[in-house]
Amino acid sequence: MEISVQDFHHVVETGDFDYWVDVRTPEEFAALRADCVLVKNHPLDQIDTLDLPKDANIYLSCRSGARSGQAQRLLMQKGYKHITNVMGGIIAWEAAGYPTTQG
């Protein structure tokens with residue numbers, strides 16, 4: 001499943017999700033991220049160590065949506081049921097004018 005950044009912003013505002021996981025590197029995440037305490041960093045190269053409930057409502061993001069799409073496929077293979085990829089990632093989030101934190 002995929003979601004536009006605009007629709008995801010509404011999800012964030014309503015709190016209608018369990019987890020928001022950004023799969024970029026820690027350096028990328030530290031340099032620019034959504035200004036939301038609910039977003040957690042878990043790099044794609046460590047996605048196999050993600051330990052969340054298999055039936056949780058999880059949204060994945062990255063820089064543009066490509067890595068989060070990879071993470072989505074990997075997590076679905078591990079038995080996660082409700083995984084949604086945020087299309088456009090942090091690039092689309094920032095371009096839409098949603099709050100970000102740098103550095």
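Q: Where is the place of R24?
A: This is a predicted model, in which local features need pLDDT of at least 70, side-chain atom pairs count only at pLDDT 80 or more, and totals for chains, interfaces and linings use all residues. Residues are numbered from 1 along each chain as its sequence is written, and side-chain values use heavy atoms, leaving out hydrogens and water. Helices (H or I, at least four residues) and strands (E, at least two) are DSSP runs, numbered from the N terminus. R24 is in the loop between β2 (19–22) and α2 (26–31).

Q: Does R24 count as buried or exposed?
A: Buried means under 20% relative accessible area, exposed over 50%, and partly exposed in between (1.4 Å probe, protein chains only). The relative accessibility of R24 is 3%, so R24 counts as buried.

Q: With which side chain does the side chain of R24 make a polar contact?
A: A polar contact is a pair of N or O atoms within 3.5 Å; within protein, one must be able to donate a hydrogen and the other to accept it, and residues adjacent in sequence count only if both atoms are side-chain atoms. The side-chain partner, at 2.9 Å, is D22.

Q: Over the ring of which residue does the charged end of R33 sit?
A: A charge sits over a ring if NZ of Lys or CZ of Arg is within 6 Å of the ring centre and within 35 degrees of the ring normal. The charged end of R33 is 5.5 Å from the centre of the ring of F29.

Q: How many disulfides does the structure hold?
A: A disulfide is a pair of cysteine sulfur atoms within 2.5 Å. The cysteine sulfur closest to that of C36 is in C62, 17 Å away, which is too far for a bond. C62 is likewise in no disulfide. The number of disulfides is zero.

Q: In which strand does Y59 lie?
A: Y59 is buried, with a relative accessible area of 8%. Contact means heavy atoms within 4.5 Å, and, beyond residues up to four places away in sequence, Y59 touches I3, F8, V11 and W20, among others. The C-alpha atoms of Y59 and V11 are 9.8 Å apart, although 48 residues separate them along the chain. The strand that holds Y59 (residues 57–61) is β5.

Q: How many aromatic pairs does a search of the whole structure find?
A: Rings of Phe, Tyr and Trp (its six-membered ring) pair if their centres lie within 6.5 Å; planes under 30 degrees apart count as stacked, over 60 as edge-to-face and the rest as tilted. F8, F17, W20, Y59, W93 and Y98 form one aromatic cluster. The count of pairs is seven.

Q: In which helix does S68 lie?
A: S68 is buried, with a relative accessible area of 0%. A polar atom of its side chain is 3.3 Å from the backbone oxygen of G65. The helix, residues 66–77, is α3.
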